Amino acid sequence: MLPKVLVTRPLPGDALERLRREPLDLRLWEDEEPPPRPAFLASLSGVEGLLCLLTEGVDEEALAAAGSALRVVSTMAVGYDNIAVAACTRRGIPVGHTPGVLTETTADLAFALLLAAARRVVEAAEYVKAGRWRAWSPTALLGWEVHHATLGIVGLGRIGLEMAKRARGFDMRVLYHSRSRRPEAESALGLTFVPALHELLAATDFVSLHVPLTADTRHLIGAAELRAMKPTAVLINTARGPVVDQRALYAALRAGTIAAAGLDVTDPEPLPAGDPTLALPNVLVLPHIGSASLQTRAKMAAMAVDNLLAGLRGERLPHCVNPEVYR
Ligand code: NAP
Ligand code: GLV
């Protein structure tokens, strides 16, 4: 019998063609929308390889639904907070992800959000489209300067570092707070390490989040942290929605505790239509498109296929989040 493989969405690039050429019993969820939870659980039965996206919760329940046949989980994302990695490890299942190939693309989007939120780009374009632009005005649509401002990066990993490089191109002063200090990046890019998060928040004009979502980073930015920021500060989140307490952010944006926010990720995702955050004039929300370039998404899909096929062959995954599974 051919190994049964579940792919939870049509993939970009030639990833699906590659899978179709393999001797696999390939099951594909054909919709552009994620499978509803009951359909996802039902389709896991007897699956040996799972290629999923960040929209699928691969928790204990899902692993139980898959049963003992499951040999590899491969997600087409660098973040893997949707996967119960420890439970996979206990079951001897390696988990693959797609680090590196999306780093610069996601940093580009984070910087685009920073510029757009600071200079009110979307609001200004809507103003023109609505026919409200009558004449050049010395007072309309004034934003905040980006060049020579201070950026605070929270999480100086792959994407955080690329964000720092972009900021240097705008002559920004860059501070960072991260779990590990990176002296080589400090000297190469002139970055300043700030051990206390609140100190970084109080000192910066822009705060950009680049930590993974973990038990330690859930609600890392809550009411107290937002109060620590300057009233003129702009918060950028391209990490994961729950890194920020969404209710506290709404309250802070509404009250003017901070000036604006640019969000590629929210909690929940998507925000329901009618969510009050969407009605605020000082928030720009994008539909989680950090890695959404044609080239990057094709590379991510190819990497996810590489991880999946290696797992099915019993080989070490090229990009494994739980290498302890091999010990
Ligand atoms: P990464 O290289 O692992 O960087 C994460 C950084 O956060 C590391 O430097 C890590 O420190 C630091 N960190 C972890 N926990 C921390 C904590 N409690 N406090 C302070 N710093 C902490 O990951 P990446 O490739 O840059 O990706 C980062 C995240 O971005 C992903 O996990 C994903 O959630 C998100 N993302 C979103 C999009 C999008 O479409 N919006 C696209 C790609 C990624 P260490 O150096 O000590 O490990
Ligand atoms: C996207 O959010 C990713 O983690 O790759």
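**Local and overall features of the predicted model**

Leucine 141 is placed in the loop that runs between helix H6 (121–129) and strand S6 (150–154). The structure described here is a predicted model. In that model, phi of leucine 141 is near 55°, which is a positive value in a residue other than glycine. Most residues other than glycine have a negative phi, and most peptide bonds are trans. The relative accessible area of leucine 141 is 25%, so the residue counts as partly exposed.

A positive phi also occurs at histidine 219, where the angle is near 60° in a residue other than glycine. Histidine 219 belongs to the loop between strand S9 (206–209) and helix H10. Because its relative accessibility is 39%, histidine 219 is classed as partly exposed.

The bond from aspartate 267 to proline 268 is cis, with omega near 5°. Proline 268 is located in the loop that separates strand S11 (260–263) from strand S12 (283–285). The bond from glutamate 269 to proline 270 is likewise cis, its omega being near -5°. Proline 270 also lies in the loop between S11 and S12.

The overall form of the protein was examined next. Its secondary structure consists of 12 helices and 12 strands. Along the principal axes, the C-alpha atoms fill a box of roughly 70 × 50 × 35 Å. Of the 327 residues, 50% count as buried. The accessible surface comes to about 15,600 Å², and carbon and sulfur atoms account for 55% of this area.

Contacts and charges complete the overall description. When contacts between residues at least 6 apart in sequence are considered, 61% of them join residues at least 24 apart. The protein has 34 positive and 35 negative charges, and the mean positions of the two sets are 2 Å apart.

Aromatic rings were then considered. A pair of aromatic rings is described by the distance of the centres and the angle of the planes. The count in the protein comes to 2 aromatic pairs. In one of them, the ring centres of phenylalanine 111 and phenylalanine 170 are 4.8 Å apart and the planes stand at 45°, so the pair is tilted. Phenylalanine 111 is part of helix H5 (residues 103–118), whereas phenylalanine 170 sits in the loop between helix H7 (158–169) and strand S7 (173–177); the pair therefore ties together parts that are 59 residues apart in sequence. Phenylalanine 111 counts as buried because its relative accessibility is 5%, whereas phenylalanine 170, at 32%, counts as partly exposed.

Tyrosine 176 and phenylalanine 193 also form a tilted aromatic pair, with 5.2 Å from centre to centre and 50° between the planes. Tyrosine 176 is located in strand S7 and phenylalanine 193 in strand S8 (residues 192–193), so this pair ties together parts that are 17 residues apart in sequence. With a relative accessibility of 0%, tyrosine 176 counts as buried.

Two further residues illustrate contacts between parts of the chain. Arginine 240 is found in the loop between strand S10 (234–237) and helix H11 (246–255). The relative accessible area of arginine 240 is 14%, and the residue is therefore buried; the cut-off for this class is under 20%. When residues up to four places away in sequence are not counted, arginine 240 touches Leu54, Gly79, Asp81, Leu213, Val265 and His288.

Alanine 228 lies in helix H10, which comprises residues 223–228. Its relative accessible area of 22% makes alanine 228 partly exposed. Apart from neighbours within four places in sequence, alanine 228 is in contact with His198, Leu201 and Ala202. The C-alpha atoms of alanine 228 and leucine 201 are 6.0 Å apart in space, although the two residues are 27 residues apart in sequence.

Terms used. Residues are numbered from 1 along each chain as its sequence is written. Chains are lettered from A and ligands numbered from 1 in the order in which they are written. This is a predicted model: local features need pLDDT of at least 70, side-chain atom pairs count only at pLDDT 80 or more; totals for chains, interfaces and linings use all residues. Side-chain values use heavy atoms; hydrogens and water are left out. Helices (H or I, at least four residues) and strands (E, at least two) are DSSP runs, numbered from the N terminus. Buried means under 20% relative accessible area, exposed over 50%, partly exposed in between (1.4 Å probe, protein chains only). Contact means heavy atoms within 4.5 Å. Accessible areas come from the Shrake-Rupley method with a 1.4 Å probe; for residues, only the protein chains shown count as cover. Lys and Arg count as positive and Asp and Glu as negative; His and the chain ends are not counted. The place of a charge is taken as NZ of Lys, CZ of Arg, CG of Asp or CD of Glu. Rings of Phe, Tyr and Trp (its six-membered ring) pair if their centres lie within 6.5 Å; planes under 30 degrees apart count as stacked, over 60 as edge-to-face and the rest as tilted.
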